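Thanks for asking me to look this one over. Here are my notes, as numbered points you can follow with the structure open beside you.

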Amino acid sequence: MNSIIFTAGARILVALLLVFSLFMLLRGHHLPGGGFIGGLIGAIAFIVYALACGSAEARTALRVSPEGLAMVGLGVALLAGLVSFVFGDPFFTGQWYWVGGDSYETAAFSINSVLVFDIGVYLVVLGGILSIAFAFEEET
Amino acid sequence: MAEHSDANAPWVNLAGMATVALTAALFAFFLQYLPVVAAGSPVQWSWNWIPSLQINLSFWLDGLSLMFALLITGIGAFVMLYAARYLAGHPQYNRFALYLFSFMLSMLGLVLADNLIAIFVFWELTTFTSYLLIGFSHTDPKSRRNALQALLLTAAGGLALLAGFILIGVTQGTFEMSELNAAGSMAEQPYYLGILILVLLGAFTKSAQVPFHFWLPNAMAAPTPVSAYLHSATMVKGGVYLLARMHPSLSGTDVWVWVLTIFGAVTAVFASFMALRQIDLKQTLAYTTLMALGTLVMFLAGSTGYAITAAMTFLIVHSLYKACLFLTIGVIDHATGTRDADVLGGLARAMPITAMMALLAGLAMAGIPPFLGFIAKEVAYAGGLSMALTVFVVLMSLAAFALMFAVAAIVAYRPFFGPQGALPRKPHEGPWPMLIGPATLAVLGLLAGLMPGVTAYYLVEPAVAAVMSAPDTGGRLKLWAGFNLPLVLSLATFALGFVLYWFHQDLRALLARIEARGPNLDAGWDRMLERFMDFAKLQTRVIQTGVMHQYLFATFTVLALAIVVPMVLRPVGGMTLTFAGLSFLEWGIGFLICAGTVLVLLTSSRIVALTGLGVVGIGVALIFIVYSAPDVAITQLLVELLVVVLLAVALLKMPHLDPDNRQVHRPMDAILALVVGGLTAAVLLLVVETPFDRRLTDFFEGASWMEAFGRNIVNVILVDFRTLDTFGEIAVVIIAALGAFALLKGGLKRGAEGEAEKEDSK
């Protein structure tokens, strides 16, 4: 698509979409959002970029191969599940560590395996969709 | 066939040395449990995995598993060291090291796991990793074919095994092997026969019992270190391990005794004759592995102390000499460039160390005193005399051991001291990393025989106790057990074996003639696979016409039938359709969806039709928003967007719709569409009629915040309550993405490769 307006606008849009996708990922536990939705938005950001500037440039912008990204995501999700063994719980039991307190109410924030799992989902969706989308783009 | 190896290439690299070191460390780790386990207290580690399905990750270290663990890690470390030198300079060595190490870990998991489901998973992991190892020379079609054969056969057996395990779990109420064995024999259980058959199918395919034996000699396609490992301590011993492990639960019945004795004995004797028949030394050894497996299965048929002691002692002896001899053959192959039994000879002068250790291993194999092999043979005869079907077992053992004596001479004596043929290369001694392993194993075979008391106390008796599920009385392993029937049988074995060796070249010709007349299971396997592929092609031709319209039509027809048939067979109450109380917004959304649909139906442009579909999808997303399901709505919206964009890219490349072609199908399509739509609506209305069950909703509403600290229930379900499901789903996302990627990217290339392969087969 050889539209200067689209190309110029896409660059700004992509940045916004990516930030938005992270925002959706992180708020997911309490408000609409999560890894799946975040990943979709992230994928759309790169697809917009690919439509505007070509998939070669979008691949460069992503830096890593989308297939690899998806695999890493699956690995991250698996790790989030395996962490529970360290604490003696069954597979995929959510683990919570409170920073600055000892419960949800008193802690400033938490480090938890549930968010790690969601990040894995985010990467899988992002990488999976992009590997299809780029392949589609490059097919001709 | 010392393929790819380069004498001058550096062989020390990170992947190789790390795997050797880790395996050796594991060996040391297990070694420290030797006194504990020998004293009679098994060690247990356990983690809950999926408690709701009784699936635990539990490990159980008793005499049997410890013996296996030591063999696996000990021989494994030597094999890995050997392989590092053997495959030095091979471009894919790192990959090989990874395969071999994963295989070692899977095998270790198999012998340590206590939960049946875990045993099954490790069982299949050994199948997969051995597939990668056997097919390591993946450019060779024969290698690929043999790897696939091993995979299909052992995986099919694995499925039977899974069915058997599930039957056990369901009828016995536990999946823990230690609990099952403690509960005693299952012989009185109603499903005993079914369980036994399924488990035996798994064990017999893995341990290559006749008639499933043919994959094992073919697995020789693997590089020599792999063969040494697969044949000595691992893979094929998996089935034997399982039979030993489940011995307390399943043994003792007439079926067990008869089936194991007959299959084991037939395998042992058949394989020893086949071993004598081979010219390639590696093939000879492959068949002696079959012989050993048959013998082990035969002795596991018994339940007496002597029978089990015979099985366990022979298992150790066999692992030691078999690994050593395979590795030795590799050294010979490396040095001379051939494995032909008729050509090899007189190598002792050029390769004194190799000759020495081959001789030691050969003496153990032939069962000459004072090697452990001799003791194993004595105990085996004593075991045979104590078992049911005594005469049959003893005669079959005599035949197998005598043939083994002859084969040992062919493999370990003749290449070094026999007449020399025309060698392709001038022989030279092997490098030390390839000698240290076999040498250690050969010396161990001698030491274990010289100190039968130590061997018995630390290795054999704890294993026997585990198999018998009772403390072992011990005292059976002796170098001199007095002048008794087993000793006479031993002497008869030597005499018979010597005669067989003397005439082995005549016998080989005779056996080759017999083999040519007999049924060829290997070729039969190929024919069976061919039939199967023909059937698959036929089915594909009939079902997969390649016309999208027909696929959709068939799918929706089946969907309609699937809804109608239950509705007619089991009619449920009526339904009410009311439009009262719908807001303006809801009417608007409905109108939007209908408008989108009409647009799709009327347009003759693909892009417009796609846009129309997008409108429908967005309408559905709006409905989700109106009924306050924002998560679903956002996902729906985004997916809809992506589908439109992706399809638009694809559709740009497709030809215009053909108006003439469309008109032919239209009336039928319309009817089907109306029927499916109407039925779906009817089902939804029926569902709405039944009162809503709030139990799950209440649970998630309550627990989502209290237990999982999340206010977004949908997300909490996805990432906490039902994480395993989500994990499965994202795995599917990846598989789908890779599938689409392969289709889009690989289409042309694969076509070209297919042509190339056709050329090859000509």
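1. Met235(B) sits in the loop that links helix H10 (224-232) to helix H11 (237-245) of chain B. In this predicted model, its phi is near 30°, a positive value in a residue other than glycine. Most residues other than glycine have a negative phi, and most peptide bonds are trans. Is Met235(B) buried or exposed? Met235(B) counts as buried because it has 29 C-beta neighbours inside 10 Å, and the cut-off for that label is 20 or more.

2. Please look at Arg63(A) next. Arg63(A) is not a glycine, yet its phi is positive, at about 75°. You will find Arg63(A) in the loop between helix H3 (55-62) and helix H4 (66-86) of chain A.

3. Two peptide bonds deserve a check by eye. The bond from Val210(B) to Pro211(B) is cis, with omega near 5°, and Pro211(B) belongs to the loop between H8 and H9 of chain B. Pro369(B) and Pro370(B) are also joined by a cis peptide bond, with omega about 0°. Pro370(B) lies in the loop between helix H16 (352-366) and helix H17 (372-386) of chain B.

4. While you are in the loop with Pro211(B), have a look at His213(B), which lies between helix H8 (192-206) and helix H9 (215-218) of chain B. His213(B) counts as buried because 25 C-beta neighbours fall inside 10 Å. Which residues does His213(B) touch, leaving aside those up to four places away in sequence? They are Ala208(B), Thr267(B) and Leu290(B).

5. Now a helix pair. Two packed helices are described by the angle between their axes and the distance between the axes. For helix H3 (residues 63-86) and helix H15 (residues 305-336) of chain B, the axes come within 11 Å and cross at roughly 5°. An angle under 35 degrees counts as roughly parallel, so H3(B) and H15(B) are roughly parallel to each other. On the H3(B) side the contact uses Leu71(B), Ile75(B), Val79(B), Tyr82(B) and Tyr86(B). H15(B) meets them with Ser319(B), Ala323(B), Leu327(B), Gly330(B) and His334(B). By class, the residues of this contact are seven nonpolar, three polar and no charged.

6. Stepping back to chain B as a whole, there are 31 helices and two strands. The C-alpha trace spans about 105 × 60 × 50 Å along its principal axes. Of its 762 residues, 44% count as buried. Among contacts in chain B with a separation of 6 or more, 79% join residues 24 or more positions apart.

7. Last, the interface. Here 42 residues of chain B are in contact with 42 residues of chain A. On the chain B side, the elements giving two or more residues are strand E1 (43-50), helix H27 (630-651), helix H30 (713-721) and helix H31 (723-761). Which of these gives the most? That is H31(B), with 14 residues. This side of chain B has 30 nonpolar, seven polar and five charged residues.

Key. Residues are numbered from 1 along each chain as its sequence is written. Chains are lettered from A and ligands numbered from 1 in the order in which they are written. This is a predicted model: local features need pLDDT of at least 70, side-chain atom pairs count only at pLDDT 80 or more; totals for chains, interfaces and linings use all residues. Helices (H or I, at least four residues) and strands (E, at least two) are DSSP runs, numbered from the N terminus. A residue is buried if 20 or more other C-beta atoms lie within 10 Å of its own, exposed if 12 or fewer, and partly exposed in between; C-beta atoms are placed from the backbone. Two residues are in contact if their C-beta atoms, placed from the backbone, lie within 7 Å. Ala, Val, Leu, Ile, Met, Phe, Trp, Tyr, Cys and Pro count as nonpolar, Asp, Glu, Lys and Arg as charged, and the others, Gly among them, as polar. Axes are lines fitted to C-alpha atoms, for helices over the stretch in contact, and angles run from 0 to 180 degrees between N-to-C directions. Angles under 35 degrees count as roughly parallel, over 145 as roughly antiparallel, 65 to 115 as roughly perpendicular and the rest as oblique.
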